Amino acid sequence: MDQYYRLNKTECREFVGALTSRYQVVAPVKRGEKSFVFARISSPDEIASPEEYIPTIIPPKKYFFPQRETILEYDAVAQRQKAVMEYEKVVIFGVRTCDLAGIQCLNMVFSERPRDVNYLIRKNKLIIIGMECWDYCDEHALCALMDNHLPKGGYDLFFSDLGDYHLIHVNTEVGEEIVRSIGVFTEATGEDLKRLQEFREKKRSAFDTGIDLSHPELMDLFANCEDARVWEELGERCLSCGNCTTVCPTCYCFDVIDEINLDLRTGERFRIWDSCQNEDFAKVAGGESFREERSGRQRHRYLRKFKYPLAKYSRFFCTGCGRCSRACMAQIHIKETIKALIAERAGV
Amino acid sequence: MKRLQLVDSPYLVKEAKVCEVRQMTEHEKYFKLMLRDEPDLDHEPGQFVMVSIFGVGEAPISICSSPTKKGYFELVVRKVGKVTSAIHRLEVGDTVGIRGPFGRGFPVRILEGNDLLFVAGGLGLVPLRSLVDFVIDNRRDFGRVHILLGCRSPKDILFKDEVESWARRIDVDFSCTVDRADPDWKGNVGLITSLIPGVDLDPTRTFAVVVGPPIMYRFVIKELLKKGIPEKQIIVSLERHMKCGIGKCGHCQIGNYYCCQDGPVFSYDEIKDNLEAL
């Protein structure tokens, strides 16, 4: 039986206050006009207002898969090594459903054998508190098209704002423990659940996908788009900066680099986010590059979201968060790309 | 931030000792290695290892010895970048880090009982040698064996002594060609594709195993298909940039495949429809 609780909005401050006194808490914090980041908070006042908050610049993947992470410590002279991982026990508060979906994608990738031990240990040190959206954050979001606008697990607690109170879904024992230890919640009634259903009904009409494609049709669109002119057009505009992959919640490519200390004997091997948009990403020793052109690299990025993962993980790796469109300096917008592919296929 | 020690990290390296080093050509060096804590690398022909030099980095390198040679394994490394230059500085007695063996090697059990046509271009002979030696060491288990070798010039021929010994064997049909001859060269001159039409083979029972530079595949495969060899009997080994070896870092992706885990060996019918594969 699903467990739900109520939290009156007047008690929200007390809840977040109690949370920050027990845990390290990160939450969306406003940093600029339309810029939000997940950052450490010590008081409820620092959290961005839920009405204002659009997806953060960098998704919460940074807590699961840090931008730079030491994987090995060594002594090059003594030929000694120690494999390491770093973690912090953190509560991530205010994670939107698009980002919950992103974390689920990364979980699949890193638990695929051979498993990534660093990731798997770290993910279990993190507590996730999700938060529902009732409307699109901006014109770039396509979460409804990707079917990620409604919660599908992947959190410990999930908050839905129902007006003067939040309805909280408890998904894990860890979540239940938080509710129990911070005694500001009351048990939800059947009325509350009915109200949630009403809100969700309204949400279904608010989240018009804007692109009339079913998932099988979307799969089909990307399964047969290799020679589309769209890629040439994107290639001409793309600056190869890698913003799109850095901000993507499901991009996980990395480089592995050695760094030696000034003693010239001890050092670290670390992995660091890399981007398939960089020119030398797929270059081999003989000098051949398999995606020399920007058009090929853009196409690769799209196919890694809409084609390749379907064969391996049976799901799209686009969460619909819209970050790549917001971050692109050349205005390469994912919704426009999909529309252009549709138009090209229709012969327009 | 807490730091934990991991005993099961896939990034831990095995220590190997360098027991022999030989300069093979201007840019290629041969290394014979032995693992310190394990009796054998226990690999399949066609697999690769990540060679690690602490303080410099790691590079994926094909294993060029057959698993029939026990207790040691061999690599040939072309000096092209930071890591391979550091590997070239290794001397006998030095220690080097090894991860692997990784990937899917040549399908030796499927090849058994069939005729084989090896096509090696340049450095492609290095991974292919692991299979050629395996076949020679188990020669009775295979049908007819043809080896076609193509090199830029006579001085670029790797494993010269061994290649000459293959040419002398009665149970191997060997041909070699160079792009540019030197005054002493008495053999064929021209591209490796020119050797294929002349090979006498039964396409229904022949597996072609092709390894060479990226540009070579398209032309060689075309010739092989002309000979009537079915697509699934054309086996290739593909070179890609790799950072992790465990199907995560994304560098080696070929369409639906990660070359480091799903390859580097593929049959032509598996990869022909994948973008950027060949």
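Let's start with a pair in chain B: the side chains of B:Arg109 and B:Glu44 meet in a salt bridge, 3.3 Å from N to O. By salt bridge I mean a side-chain nitrogen of Lys or Arg within 4 Å of a carboxyl oxygen of Asp or Glu. This one links distant parts of the chain, 65 residues apart. B:Arg109 sits in helix H2 (residues 108-111) of chain B, and B:Glu44 in the loop between strand E3 (28-35) and E4 of that chain. Helices (H or I, at least four residues) and strands (E, at least two) are DSSP runs, numbered from the N terminus. Over all chains, the whole structure holds 49 salt bridges.

A word on what you are looking at. This is a predicted model, where local features need pLDDT of at least 70 and side-chain atom pairs count only at pLDDT 80 or more, while totals for chains, interfaces and linings use all residues. Residues are numbered from 1 along each chain as its sequence is written, chains are lettered from A and ligands numbered from 1 in the order in which they are written, and side-chain values use heavy atoms, with hydrogens and water left out.

Now, the interface. How many residues does each chain bring to the contact? Chain A brings 56 and chain B brings 42, with contact meaning heavy atoms within 4.5 Å. About 4,600 Å² is buried between the two chains, and carbon and sulfur atoms give 55% of that. Buried area here is the accessible area (1.4 Å probe) that two parts lose on being put together, summed over both. On the chain B side, B:Arg3, B:Phe54 and B:Lys248 supply 18% of the area buried against chain A, more than any other three residues.

B:Arg3 turns up again in a salt bridge with A:Glu268, where the closest N and O atoms are 2.8 Å apart. Between chain B and chain A the count is seven salt bridges. Which elements of chain B give two or more residues to the side that touches chain A? They are strands E1 (2-6), E4 (48-53) and E5 (57-62), and helix H6 (259-262). E1(B) gives the most, with five residues. That side of chain B divides into 17 nonpolar, 13 polar and twelve charged residues. For those classes, Ala, Val, Leu, Ile, Met, Phe, Trp, Tyr, Cys and Pro count as nonpolar, Asp, Glu, Lys and Arg as charged, and the others, Gly among them, as polar.

Staying in chain B, have a look at two cis peptide bonds. The one from B:Gly100 to B:Pro101 has omega near 5°, and B:Pro101 lies in strand E7 (residues 95-102). The bond from B:Gly263 to B:Pro264 also has omega near 5°, with B:Pro264 in the loop between H6 and strand E16 (265-267).

Over in chain A, A:Asp147 has phi near 60°, a positive value in a residue other than glycine. You'll find A:Asp147 in the loop between strand E7 (126-131) and E8 of chain A.
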